[in-house]
Amino acid sequence: MKSIATFLLVLNFCMYVIVLAIGAWAMNRAIDHGFIIGPELELPAHFSPVFFPMGNASTGFFVTFSLIAGVVGVVSAISGINHICSWTANSLPSAASVATMAWTLTLLAMGFAWKEIELQIRNARLRTMEAFLIILSVTQLLYIVAIHGAAAYNIYT
């Protein structure tokens with residue numbers, strides 16, 4: 001179980017870092033090339049503060065929640081490293097709780113990814129981030145099951 005948990009932890013960490021990198025690129029591009037209005041002009045009727053110049057109507061929400069899920073996912077991996085190193089029942093609650101929070105936020109971001117897929121218009125980087133979040137929703141759950149499985153069978157020494 002420890003080797004499976006370690007593999008999933010490293011895989012999830014790498015994937016969350018990639019999600020953060022793509023999300024940071026999208027956020028930076030939205031800030032640099034987003035909607036700009038002068039002081040004497042009024043906002044258009046359908047102005048959205050979550051406007052992204054690439055993608056579709058769900059891109060802003062998708063990127064925002066992906067960044068939050070990515071940050072919590074990286075923190076989950078850091079907590080998981082501590083748990084893997086000590087591999088005791090005492091370190092399980094912190095690793096499991098942060099991993100569960102990361103998983104739920106990943107599921108939320110994955111929901112926006114599915115909406116973005118449904119609306120179609122998006123670039124290759126956003127498609128990559130969608131795929132990573134869909135895969136992460138499964139691998140993060142498997143990691144949680146692996147660390148709880150070790151506790152259920154008293155594998156901790």
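## Basis

Residues are numbered from 1 along each chain as its sequence is written. In this predicted model, local features need pLDDT of at least 70 and side-chain atom pairs count only at pLDDT 80 or more, while totals for chains, interfaces and linings use all residues; side-chain values use heavy atoms, without hydrogens and water.

## Helix H1

H1 covers residues 2-33 (helices are DSSP runs of H or I with at least four residues, numbered from the N terminus). Its 32 residues reach 46 Å from first to last C-alpha, close to the expected 46 Å (1.5 Å times one less than the number of residues).

Among the buried residues of H1 are Leu8, Asn12, Met15, Val19 and Ala30 (buried means under 20% relative accessible area, exposed over 50%, partly exposed in between, with a 1.4 Å probe and protein chains only). The buried residues of H1 pack against H2 (59-86), H3 (92-119) and H4 (124-152). An α-helix has 3.6 residues a turn, so residues three or four places apart point the same way.

## H2 against H4

H2 and H4 pack at about 35°, with axes 11 Å apart (axes are lines fitted to C-alpha atoms, for helices over the stretch in contact, and angles run from 0 to 180 degrees between N-to-C directions). Residues of H2 including Phe62 and His83 meet residues of H4 including Leu126 and Tyr143 (contact means heavy atoms within 4.5 Å).

## Two loop residues

Most residues other than glycine have a negative phi. Trp87, in the loop between H2 and H3, has a positive phi near 50° and is buried at 6% relative accessible area. Gln120, in the loop between H3 and H4, has a positive phi of about 75° and is exposed at 56%.
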